[in-house]
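The tour goes stop by stop.

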Amino acid sequence: GRWAVNSMLIASVVTIWHVFFDTLSGYAFAKRNFPLKNVFFWLILSTLMIPSQVTLVPLYVVTRQLGLIDNILAVILPGSAAVFGVFLMRQYIQTLPSELEDAARIDGCSEIQVFTNVILPLCKPAVAALAIFSFVRNWNDFLWPLIVLNKSVNYTLTVGVAGLQGEFSTDYGIIFAGAALAALPMIIFFLAFQRYFLEGVRMGALKG
């Protein structure tokens, strides 16, 4: 139960941060003008070519220097934003008519009000797709929690279930029960947001 709570806490917090930061960044790159905007965007996008395994050692060193080893914050903080989410939201927000923002500004809306009252409601399909991808990825994350979490009480569900395999014997009933428990929240999460997710896929498949 504690492993499931840890996984739910980590996946939920990281998903919220992803939606918040990635949507703001996507809006800035899609609709705002600032110096070297395209340079910064392509520089950020180029980090997708760097394998995550390459950054494990420096990330571990930084985490250790911050004193976060064996703390769930060590799993939450590195995943606060994702390049894929920035790219997804930027591409989606670019398709929204700029006339809606201009009309909101004429009506006296500030930039924050334009984002929260105009852009964000129109981005529900993309936000739902981003939330599903982020939640599933962080719920299933295994390698990084395995590296930074040492005590059993801090394990995520994936790390805990993997640790149930014994050296000489294995209780497959417990492992299968843990695997079923690990799959249940993802199914519920997808069913809750499937309408927006499917709408985002459908809108992305059509042009004009």
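Buried means under 20% relative accessible area, exposed means over 50%, and partly exposed lies in between, with a 1.4 Å probe and protein chains only. This is a predicted model, in which local features need pLDDT of at least 70 and side-chain atom pairs count only at pLDDT 80 or more, while totals for chains, interfaces and linings use all residues. Residues are numbered from 1 along each chain as its sequence is written, and side-chain values use heavy atoms, with hydrogens and water left out.

**Stop 1: salt bridges**

Select glutamate 111 and arginine 105. They form a salt bridge (a side-chain nitrogen of Lys or Arg within 4 Å of a carboxyl oxygen of Asp or Glu), with the closest N and O atoms 2.8 Å apart. Glutamate 111 is partly exposed at 33% relative accessibility. Salt bridges with shared partners connect Lys31, Arg32, Glu101, Asp102, Arg105 and Glu111 in one network.

Arginine 105, partly exposed at 27%, also has a salt bridge to glutamate 101, at 3.5 Å from N to O. Both residues are in helix α6, 4 residues apart, or about one turn of the helix. Helices are DSSP runs (H or I, at least four residues), and strands are runs of E of at least two, numbered from the N terminus.

Is glutamate 101 buried or exposed? Glutamate 101 is buried, at 3% relative accessible area, and lysine 31 counts as buried at 15%. The count of salt bridges comes to 5.

**Stop 2: α1 against α8**

Select α1 and α8 (residues 124-140). Their axes come within 8 Å and cross at roughly 145°; axes are lines fitted to C-alpha atoms, for helices over the stretch in contact, with angles from 0 to 180 degrees between N-to-C directions. Contact means heavy atoms within 4.5 Å. Residues making the contact include Ala4, Met8 and His18 of α1 and Leu130, Phe135 and Trp139 of α8.

**Stop 3**

Select phenylalanine 34, in the loop between α1 (2-31) and α2 (37-46). Phenylalanine 34 is partly exposed, with a relative accessible area of 31%.
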